[in-house]
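Subject: Structure for your review

Dear colleague,

Please find below the structure I am handing over to you. My findings on its backbone and strand pairing follow.

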Amino acid sequence: MSELLVTVRNIVKSFASGTETLYILKGVNLTVDRGSMVAISGSSGSGKSTLLNILGGLDRCDSGSVRVGDTTITGLSEAALTGYRSRRIGFIFQFHYLLKDFTALENVMLPAYIAGMKKKDALEKARSLLDDVRLSDRLQHYPSQLSGGERQRVAVARSMVNDPDLILADEPTGNLDPQNSAAVTEILYRGAEKWGKTLIVVTHDDKVAERAMVRLSLDAGFLT
Ligand SMILES: Nc1ncnc2c1ncn2[C@@H]1O[C@H](COP(=O)(O)OP(=O)(O)O)[C@@H](O)[C@H]1O
Ligand SMILES: [Mg+2]
């Protein structure tokens, strides 16, 4: 039987805009099985990033609840949320956010090393992940020496280094040309599969969405 990893109940999120309140999420419900791969589409401004940020504990909703595994994150303190993010979530954004003064290998190993893994083990894990994203010959390259697609593949490897429960990807191919976009998509899904990860990817690229097991759409504040 499948196990539920994510349960989102009726989340509402608004932003104040001048004297107005804009309701972006109006009662979003979502359940995701462990090991599933879910794509969420929706036009620009529909609230995709807002939803992903709430799932990842980067932002808070006004009401409703989010449970990931055995943790109801909507009730956590800021300190507990920070721990949740670093231990349980792997993030991939449209922009890679690699550290420019560190090599590809260091960028991937650092989150594990910071989380307390021995340096030797963190390096070994990082090497193995960079091998999975086919960058074994780019370990000592700095971000400035990598192509856009290669940087995003490093970001995919980094997202998995702490063995998170959930990978959250926000427009991971948004800055890439079609060829690199296809390569990153393939690597993201294959990596999630190989490492047994649950993936939620937000995208308006049909080619990214069509690989998912579950396809949802965010429209007018609701997920359908
Ligand atoms: N911090 C914020 N303050 C005010 N409005 C925001 C904020 N973040 C997002 N919004 C608004 O919420 C809407 C949804 O944004 P977003 O989640 O980024 O959409 P998407 O990722 O689908 O393009 C947009 O209209 C945006 O302007
Ligand atoms: Mg967005």
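At a relative accessibility of 11%, E171 counts as buried, because buried means under 20%. Please bear in mind that this is a predicted model. E171 is located in the loop that connects β7 (166–170) with α6 (178–194). Although E171 is not a glycine, its phi is positive, at about 50 degrees. As background, most residues other than glycine have a negative phi.

A220 is a further case of this kind: it is a residue other than glycine, and its phi is positive, near 55 degrees. A220 lies in the loop between β9 (214–219) and β10 (222–223). These two strands form a hairpin with two residues between them, and A220 belongs to the turn.

The pairing around this hairpin may be summarised as follows.

- β9 and β10 run antiparallel and are joined by two bridges. In this pairing, L218 stands opposite L223 in β10.
- β9 is also joined to strand β3 (residues 37–41), by four bridges, and these strands run parallel. Here A39 stands opposite R215 in β9.

Strand β9 therefore has, by the criterion of at least two bridges for a pair, a parallel partner in β3 and an antiparallel partner in β10.

With kind regards

Methods: Residues numbered from 1 in each chain as written. Chains lettered and ligands numbered in written order. Predicted model: local features only at pLDDT ≥ 70, side-chain atom pairs only at ≥ 80, totals over all residues. Heavy atoms only, no water. Buried < 20%, exposed > 50% of the residue type's maximum accessible area, 1.4 Å probe, protein only.
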